[in-house]
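Biologist: Could you walk me through how to read a model like this one, feature by feature? I would like the general idea and then the case at hand.

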Amino acid sequence: MNNGTPAASIDIGTNSVLLLVAETDGNIIDVQTEKQEIPRLGRGVDKNRALHDESIRRVLDVLQSYKVFLRSNYPDLADHVVVTATSAVRDASNRSEFMSLVEKETGWKVSLLSGNEEAQYTYKGATSVLSKTDRVRCVLDIGGGSTEIAFGKDSVLLSHISLDIGSVRFTERYLLSSPPRPEEIRHAENAVREELKKVEVPEILEKPEAVGVAGTVTSVAAIEAGHESYLPEKLNGYRLSIESVNRFVQRFSTMTAEEIEQDYPIFLKGRGDVILGGLIILREFLNWMELDSITVSTGGIRHGAILEKITNK
């Protein structure tokens with residue numbers, strides 16, 4: 001992108017912490033660098049309603065490593081990063097202490113997104129790396145602690161909602177065995193169906209194109225496509241079928257977390273214990289929407305945060 005504005009953002013999620021360096025004209029994101037770590041900030045938050053000291057330390061270590069990287073490679077951006085936090089921090093009683101620690105140790109001020117803001121950022125970010133279309137899109141962001149669903153057309157957001165269902169939350173709440181028992185899976189499936197009843201679909205003439213973002217969708221899509229490394233440019237626009245999702249659910253339902261990570265170390269390292277929870281949410285969403293596939297996008301909150309920053313300058 002010529003004459004694009006350079007920017008950097010970090011998304012502190014329930015499971016992962018993601019860094020993005022990109023250029024943008026306010027509508028399109030041209031990715032320069034992406035990094036991912038999985039420190040699992042939200043471990044135990046669903047039960048204890050507090051961030052654990054060890055989890056906080058892991059996240060702080062990741063953030064400090066990102067700051068070192070930025071200072072070495074993008075010095076002009078290192079002190080001007082848009083940092084957002086989502087479900088795990090929202091739900092934690094000690095969120096203020098965590099955000100203060102981040103600012104003290106990195107100099108970065110954390111913006112705590114509401115569920116609705118998370119859905120809006122996700123929609124902007126997801127569509128920023130895909131081709132334009134005249135169709136209505138329904139963006140699904142399966143996070144660790146919450147799942148956002150946003151309907152929109154072009155850059156116009158029609159409706160959005162944040163649901164308290166996520167891969168980490170569901171694993172800790174329902175999938176207690178490894179591999180999980182059939183009744184645990186059924187309880188998780190029923191919980192997703194109940195939450196989806198809260199979604200109001202806007203009045204549209206045709207079925208929307210479903211767009212999936214975040215680790216559950218991108219990881220299994222990369223495995224299905226036979227990729228040997230994370231290749232955003234090849235994943236964007238990839239169609240993941242419900243038949244493939246069903247195969248992954250059936251396979252992972254019979255495996256321990258350790259077996260999953262051993263079989264798929266490139267894409268599921270650090271996700272072996274929560275990938276099934278995310279896939280159950282994905283499958284139930286596709287069944288609810290009566291769709292046979294979902295379009296993959298590697299965009300997300302971090303992309304939306306950069307667009308929001310540029311737009312509001």
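Biologist: Let me start with the overview: how many helices and strands are there in the protein?

Modeller: The protein has 14 helices and 11 strands. Helices (H or I, at least four residues) and strands (E, at least two) are DSSP runs, numbered from the N terminus. A word on the source: this is a predicted model, where local features need pLDDT of at least 70 and side-chain atom pairs count only at pLDDT 80 or more, while totals for chains, interfaces and linings use all residues. Residues are numbered from 1 along each chain as its sequence is written, and side-chain values use heavy atoms, with hydrogens and water left out.

Biologist: What does the radius of gyration say about the protein?

Modeller: The radius is taken over C-alpha atoms, and the globule rule is 2.2 Å times the number of residues to the power 0.38. For 313 residues a compact globule would come out near 20 Å, and the protein's 18 Å agrees with that. Along the principal axes, the C-alpha atoms fill a box of roughly 50 × 45 × 35 Å.

Biologist: And how much of the protein is buried?

Modeller: Buried means under 20% relative accessible area, exposed means over 50%, and partly exposed is in between (1.4 Å probe, protein chains only). Here 57% of the 313 residues count as buried. The protein exposes about 13900 Å², with carbon and sulfur atoms supplying 45% of it; such areas come from the Shrake-Rupley method with a 1.4 Å probe, and for residues only the protein chains shown count as cover.

Biologist: What share of the contacts comes from residues 24 or more positions apart?

Modeller: A contact means heavy atoms within 4.5 Å. Among contacts in the protein with a separation of 6 or more, residues 24 or more positions apart account for 69%.

Biologist: Now to helix packing: how do α8 and α10 pack?

Modeller: Two packed helices are described by the angle between their axes and the distance between the axes. Axes are lines fitted to C-alpha atoms, for helices over the stretch in contact, and angles run from 0 to 180 degrees between N-to-C directions. In this model, helix α8 (residues 215-225) and helix α10 (residues 242-252) pack at about 100°, and their axes are 11 Å apart. That makes α8 roughly perpendicular to α10; the classes are roughly parallel under 35 degrees, roughly antiparallel over 145, roughly perpendicular from 65 to 115, and oblique for the rest.

Biologist: Which residues meet there?

Modeller: From α8 come V220, I223 and E224, and they meet S244, R247 and F248 of α10. The residues of this contact divide into 3 nonpolar, 1 polar and 2 charged. In that scheme Ala, Val, Leu, Ile, Met, Phe, Trp, Tyr, Cys and Pro count as nonpolar, Asp, Glu, Lys and Arg as charged, and the others, Gly among them, as polar.

Biologist: Is α8 mostly covered or mostly open?

Modeller: Mostly covered, with 9 of its 11 residues buried. Among them are V220 and I223.

Biologist: What should I notice about the backbone on either side of α8?

Modeller: A214, in the loop between β9 (209-213) and α8, has a positive phi of about 85° although it is not a glycine. A214 is partly exposed, at 25% relative accessible area. After α8 comes G226, whose phi is also positive, near 80°.

Biologist: Where is E290, and is E290 buried or exposed?

Modeller: E290 sits in the loop between α13 (275-289) and β11 (293-296). Its relative accessibility of 62% counts as exposed, and its phi is positive, near 55°, in a residue other than glycine.

Biologist: Which peptide bond is cis, with omega near 0°?

Modeller: Check the bond from S178 to P179, which is cis. P179 belongs to the loop between α6 (167-173) and α7 (182-196).
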